[in-house]
Amino acid sequence: MIAYASRTGNVRYIVSQLKLPEIEIGEETTVDEPFLLLTYTDGLGAIPPVVQRFMDKNGSYCKGVAASGNRNFGHHNFAKAGETIAAQWNIPLVRKLELRGFPQDYEAIRRFYREQIGEGSIGRSEIVFAT
């Protein structure tokens, strides 16, 4: 599953391009299965409070993090929330994405998801034979 938080719509757009099972993080969101976290970066590199609270409750299921940011805030602050979460929870930083990212970013995230979380609904179609 992809668990995500989006303030301006950039992360929501990224998630829509991934075509993976997803849940948007809210104040009371809890999960009980492995997930990949996608988040934006708040202010000058901070973890958004809603994401911090979510991770405090659910972080043991998190297998990796990808973060969206804006390079206009400087190299040190670009998608810094992802770096901080990765260090805090000892998980891989899968990708830093500029705003809405690019197709190669989406493919890197899908690859990580397949390898670390499972196929889920990626490219699967069920074939049913009539009897």
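I take buried to mean under 20% relative accessible area, exposed over 50%, and partly exposed in between (1.4 Å probe, protein chains only).

**Ground rules.** I am working on a predicted model, where local features need pLDDT of at least 70, side-chain atom pairs count only at pLDDT 80 or more, and totals for chains, interfaces and linings use all residues. Residues are numbered from 1 along each chain as its sequence is written, and side-chain values use heavy atoms, with hydrogens and water left out.

**Entry 1, Asn-10.** I looked up Asn-10 and found it in helix H1 (residues 10-18). Helices (H or I, at least four residues) and strands (E, at least two) are DSSP runs, numbered from the N terminus. Asn-10 counts as buried because its relative accessibility is 17%. Leaving out residues up to four places away in sequence, I see Asn-10 touching Ser-68, Leu-99 and Arg-100; contact here means heavy atoms within 4.5 Å. With Arg-100 there is also a side chain to side chain polar contact at 3.2 Å. For that term I use a pair of N or O atoms within 3.5 Å; within protein, one must be able to donate a hydrogen and the other to accept it, and residues adjacent in sequence count only if both atoms are side-chain atoms.

**Entry 2, the sheet.** I traced an open sheet of 5 strands, ordered S2-S1-S3-S4-S5, with parallel pairing. Strand S2 (22-24) and strand S5 (93-98) are at the edges with a single partner strand each, so one side of each has no neighbour in the sheet. On average, neighbouring strands are turned by 20 degrees against each other, direction ignored. Two strands pair if DSSP finds at least two bridges between them. Strand S1 (residues 2-4) and strand S3 (residues 35-40) run parallel and are joined by 3 bridges. I checked Ile-2, and its bridge partner in S3 is Leu-36.

Axes are lines fitted to C-alpha atoms, for helices over the stretch in contact, and angles run from 0 to 180 degrees between N-to-C directions.

I found Arg-110 in helix H4, and Arg-110 is buried at 18% relative accessible area. A polar atom of the Arg-110 side chain lies 2.7 Å from the backbone oxygen of Gln-17. Arg-111 also lies in helix H4, but Arg-111 counts as partly exposed, at 39%. From Arg-111 to Val-94, 17 residues apart along the chain, I noted a C-alpha separation of 9.9 Å.
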